[in-house]
Each structure stands twice: as C-alpha cells, then as structure tokens.
Amino acid sequence: MKEDVVPNATYDEQLGWFVPDNRSGSLYLSESPPLPLNPWDVVLCVSGTIISCENAIVVAIIFYTPAFRTPMFLLIGSLATADLLAGLGLIFHFAFVYCIQSQVVNLLTVGLLVCSFTASVGSLLAITIDRYLSLYNALTYYSERTVTRTYIMLLLTWGVSICFGVLPVLGWNCLEDQASCSIVTPLTKNNLIILSISFFMIFAMMLQLYVQICKIVCRHAQQIALQRHFLATSHYVTTRKGISTLAVILGTFASCWLPFAIYCLLGDYTYPALYTYVTVLPATYNSMINPVIYAFRNQEIQKVLWTICCSCISPTMPFRSRSPSDV
C-alpha cells in the first residue's frame with residue numbers, strides 16, 4: 001500500500017505526490033516511491049521536444065538576422081519564443097514529475113506552462129491585429145507608430161501572461177484544498193475558468209478581425225475590378241493569400257484549443273484523467289503547427305534556412321520588405 005510508505009500521509013494519484021492527512025502537517029517527499037510511467041506523459045514530452053526544436057530554429061533565425069527587426073517579425077518572434085517555452089515546459093514537467101516529486105518544482109513548471117501558452121495565444125491575437133491594421137491603414141503602416149504599437153502589444157501580452165503564470169506559485173492553487181482542484185492540478189477551478197473565458201474572448205476578437213479583413217479584401221477586389229485596365233491584380237493576389245493564411249490559422253487555432261477550453265469549463269478533478277490528456281494534447285499541437293504557418297512559409301525565412309543548410313543563396317542577398325498580408 002502506498003499509504004504505508006509515508007507516515008501520516010496519503011498518496012494522491014492526481015497530484016502525483018504524498019499529501020498529509022488531517023492529523024499531521026508533515027510531508028516526506030523524499031521517501032515517495034517512483035511513479036509508474038504514463039504513456040500520455042511520454043507523448044506530451046515528445047511533443048514538447050518537437051515544439052522546442054521547431055521554435056528554437058525560428059527564434060535563432062529572427063534573433064541573428066538584422067533584416068528581421070520589423071514589427072511583423074517581432075510578433076512572429078514573440079510567438080516562437082512563447083511556443084519554445086511551452087515545449088520546454090512540457091519537457092521539464094515530465095522530468096520533474098518522474099524524477100523530482102516536489103510541490104515547489106511542480107508549481108514552477110505549471111506556472112511556466114500557463115505563462116507560455118497564454119503568451120502564445122496572446123501573440124496570435126497580436127499578429128491578427130497587426131495584419132488587420134496593415135490592410136486597414138496600408139498607407140501609414142510603415143511608420144514609427146506601428147513600431148510603438150507593436151512594442152505595446154508585446155508588453156501587454158507578456159505582462160498579462162507572466163501574471164497568470166505566477167498566480168499558482170504565489171498561492172492560488174489547490175494543494176491544500178483538493179475540492180477546489182480543476183482538471184489540471186494544481187490549478188484551481190476558478191483559475192482555469194478565468195483562463196478559458198480569456199481564451200473565448202481572444203477567439204471572438206480574432207474572429208471579428210477576420211470578418212473585417214474579409215470585408216476589406218472584398219472592397220479591394222471591387223476597386224480592382226473597376227480599374228482593371230489601370231491597376232495590376234498582384235495586390236489582390238497577395239492580399240487573398242494573406243486571407244487564406246489567416247483562415248488556416250483561425251481554423252487551426254479553433255480546432256486545437258476549443259476542445260480543451262470547453263472541457264475546462266465543464267470538467268473538474270473528479271473526471272478521468274484520460275479526458276484531460278485527450279483535450280490538452282491537441283492544444284499543444286497548436287504550438288507545433290505555428291512555426292509552419294507563420295515562419296517556415298515566409299520566403300525570407302526560407303532563404304535564411306537554405307543559406308544555413310545548403311549554402312544555395314548568398315547570405316548577403318537583400319531582403320524585400322513585406323507586409324503582414326504577404327505572410
């Protein structure tokens with residue numbers, strides 16, 4: 001019996017460590033037995049490894065390429081950094097759960113995951129806003145105001161994300177009150193509800209921006225049709241490409257995150273852990289898909305990758321400044 005290994009404590013299958021009973025506050029984590037390996041945790045760890053490798057490449061390319069200092073690439077770099085931290089968080093969570101069974105370490109890991117995934121979703125919203133403004137204010141997009149606005153969005157995104165991440169570490173957790181636990185221990189039910197509602201608000205804003213972008217594209221298409229003999233259709237083609245990309249992004253984002261967000265509102269700690277794994281795994285895949293959609297499809301990043309891997313293109317090749325709708 002696991003209860004006999006640690007005196008005055010009971011082993012909690014969901015928390016993954018021993019919790020003291022009502023008669024004693026002592027906790028002997030060092031004597032806890034090794035946990036059996038969960039295949040779902042292995043899958044999450046492998047996913048975290050792939051996510052980390054993909055996004056580390058994107059972060060390195062943007063950081064070491066001076067031409068990638070534009071607002072568009074800063075936002076893509078923010079997204080890649082958040083997804084990189086999310087991948088590392090999944091790896092750390094696996095290592096610490098099965099190697100270091102500590103409440104403090106577990107809280108730090110969960111805080112890192114909450115912060116990184118929140119920053120990832122926030123960066124997606126910031127990129128959507130940037131793309132909308134690049135079409136709505138096309139003539140004034142390349143100005144100092146755009147740079148200032150980009151830095152403000154980055155500060156807000158990471159500031160809010162860090163606040164959400166430190167809440168479990170500062171005490172807003174369910175370690176001492178299991179009845180308040182959510183489907184993701186040690187986060188409380190209220191904490192996860194706030195995160196889920198925030199997600200739905202961000203998704204609604206992205207959907208609204210997508211509708212507005214579609215209206216702008218339709219208006220551009222009408223103007224080009226009226227002046228076909230005077231204006232080339234290349235602008236419409238590139239704009240339509242951006243809309244198609246945004247549609248893919250929005251669909252991928254919804255299919256990855258909606259199941260988990262809905263389950264966060266409906267489920268609690270009494271539900272089988274299998275349901276949590278089945279819904280959280282697609283959410284992690286969003287961080288795996290983001291580099292493909294945002295970075296590796298970009299022609300400038302492709303040129304750098306070819307330069308590094310195959311030396312097929314001169315490193316001094318000039319880069320053409322592109323608008324977010326070109327990505």
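Some ground rules: residues are numbered from 1 along each chain as its sequence is written, and side-chain values use heavy atoms, with hydrogens and water left out. Because the model is predicted, local features need pLDDT of at least 70 and side-chain atom pairs count only at pLDDT 80 or more, while totals for chains, interfaces and linings use all residues.

Let's start with the second largest pocket, which holds about 200 Å³ of space. Here a pocket is an open set of points on a 1 Å grid over the protein atoms alone, where a 1.4 Å probe fits, with protein on both sides within 12 Å along at least five of seven lines; lining residues have an atom within 4 Å of a point. The volume is the space filled by probe spheres set on the points, which are joined across faces, edges and corners.

Who lines this pocket? Among them are Phe-63, Arg-69, Thr-81 and Trp-158. Helices α1 (39-64), α2 (71-99) and α4 (144-170) each give at least two lining residues, and α2 has the largest share, with four. A helix here is a DSSP run of H or I, at least four residues, numbered from the N terminus.

Ile-197, Met-201, Ile-262, Leu-265 and Leu-266 make a nonpolar patch of about 470 Å². Helix α6 (234-266) brings three residues, the largest share. Ile-197 sits in α5.

Technical notes: Patches are made of residues with over 30% relative accessible area and no salt bridge: like charges are joined within 9 Å, nonpolar side chains (Val, Leu, Ile, Met, Phe, Trp, Tyr) within 5 Å. Accessible areas come from the Shrake-Rupley method with a 1.4 Å probe; for residues, only the protein chains shown count as cover. A salt bridge is a side-chain nitrogen of Lys or Arg within 4 Å of a carboxyl oxygen of Asp or Glu.
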